[in-house]
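Open the model in your viewer and keep the selection tool at hand. The stops below go from the whole chain to single residues.

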Amino acid sequence: MTEIPDLKVALLGTTNSGKSSYLQGMYATLAAGLMNGFFLYCRDRKLDLQLLAEWEELNTNGTFPETTREGASFEYPFVLNAGIDPWLNFDMLDYRGGALLTSDDEDPDVIRMRAQLRAAHSVYAVISCEHLTKRITPENRAQVLMSTKIAAISTHLQREIGRRRAEGAKPPSVVVLLTKADLLRPRFQGQPGDVLFKEIVEDVRLLFPLAFQKHISAMICPVRLGYFGTADARQVQAPSVAPNNLMQPIAFTLLHRLGVANAETARAVEQAQRTFTQAEQAEKSYGAKFFRTVAKEDAFAAATRAAAAKLAVLREQLAVDTSRYQDLGEQIGHLPLIQDGTVLDFASSSSSSSSSSADVQ
Ligand SMILES: Nc1nc2c(ncn2[C@@H]2O[C@H](COP(=O)(O)OP(=O)(O)O)[C@@H](O)[C@H]2O)c(=O)[nH]1
Ligand SMILES: [Mg+2]
């Protein structure tokens, strides 16, 4: 089997913020191929069955799984297929929320979390919307920072960004994952979608300014598994399960990764084009010489062929990745994206297509 690239996502959020539930719903959505021809599956067959069984349990009986797994950090070894081709090893890391609480540098969970953060291409900062039922103000900010553990998440991520900067490496992309978005309903009832986004962006700016930093690409994504009305019910009405926006964060993570990779491939194509032109010219000018040997002629021709083949492979890769980039871009809809502190105009960016965000609450 050919090597496929790795993509690592770290989910950081306090206990009960909705990390595992998001992961399950997201997995069920992507395993079903609902993201425009991209499919997710789990290399670990047991985990795969468990995730799908838990999702089915929620959908048929309205029961959330026990949080026994909260005792340990958990790594899900997914593979993302583009059509029938395996494209990426997609590892998702579901941290034990408790690791965020301790400032003990020797704590094994903290050590593991740092190691995983180092490898992460994308970090999801998870905030439950139960803390966003009122507008964030300078007065209530400290309280919300504490109960969401978002300050600790910022600290860990900031450290990692600093470490990468010192090494000349790129920071991870950032998704602000606003789980339990059904709980925003009373706050925004009857208001147009762009009011919700405008206010939520300002809330996030106060809670998690890191997402607005220079060199950071971020997305703010409200997600919901259903309309449950409360923040931590073990038992809900099965028909109230109505997932929304579960795949958009993944599409964003992939887009960001592809954007970086495509820029590199485009540079490699330019370089390969130059090499090819030089080889071709060298072959031509040797061919024009009066004294030539067949062996040398063959060597020049072989060099041209090799350069042409390399150029063709790179061009093909760029074409495939560019088309994937377009397919994924269509999945994002008009969710707020933040690049270098500038909020891209989500309200006007696309008005039709995708169902995302239209009914976030
Ligand atoms: N209202 C609402 N509650 C949710 C939603 N998703 C999860 N929950 C609740 O949040 C609880 C904790 O979620 P869990 O995923 O275990 O959190 P974790 O500790 O961060 O992994 C669940 O048992 C559900 O009751 C949602 O979309 N809406
Ligand atoms: Mg969990």
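A residue counts as buried if 20 or more other C-beta atoms lie within 10 Å of its own, as exposed if 12 or fewer do, and as partly exposed in between, with C-beta atoms placed from the backbone. By that count, buried residues make up 36% of the 361 residues in the protein.

This is a predicted model: local features need pLDDT of at least 70, side-chain atom pairs count only at pLDDT 80 or more, and totals for chains, interfaces and linings use all residues. Residues are numbered from 1 along each chain as its sequence is written, while chains are lettered from A and ligands numbered from 1 in the order in which they are written.

**Whole protein.** Show the C-alpha trace. Along its principal axes it spans about 85 × 50 × 40 Å. Switch to cartoon: there are ten helices and eleven strands. These are DSSP runs, numbered from the N terminus: helices are H or I with at least four residues, strands E with at least two. Contacts here mean C-beta atoms, placed from the backbone, within 7 Å. Of the contacts in the protein with a separation of 6 or more, 75% join residues 24 or more positions apart.

**Ligand 1.** Select the ligand, then its shell, meaning residues whose C-beta atom, placed from the backbone, lies within 6 Å of it. How many residues surround ligand 1? There are 24, and the closest are Lys19, Ser20, Ser21, Lys180 and Leu225. Helix α1 and strand β8 (224–226) are the elements that give two or more residues to this shell. Color by type: six are nonpolar, eleven polar and seven charged. Nonpolar covers Ala, Val, Leu, Ile, Met, Phe, Trp, Tyr, Cys and Pro; charged covers Asp, Glu, Lys and Arg; the others, Gly among them, are polar.

**α1 against α2.** Select residues 19–31 and 45–61. Helices α1 and α2 pack at about 105°, with their axes 9 Å apart. Axes are lines fitted to C-alpha atoms, for helices over the stretch in contact, and angles run from 0 to 180 degrees between N-to-C directions. The pair is therefore roughly perpendicular, a label for angles of 65 to 115 degrees. On α1, pick Gln24, Gly25, Tyr27, Ala28 and Ala31; on α2, pick Leu51, Leu52, Glu54 and Trp55. These contact residues divide into six nonpolar, two polar and one charged.

**Ala115.** Select helix α3 (residues 108–119), where Ala115 is found. Is Ala115 buried or exposed? Ala115 is exposed, because 9 other C-beta atoms lie within 10 Å. Finish with a distance to Glu160: 45 residues away in sequence, 9.8 Å in space, C-alpha to C-alpha.

Definitions and conventions: Parallel < 35°, antiparallel > 145°, perpendicular 65-115°, else oblique. Contact = placed C-beta atoms within 7 Å.
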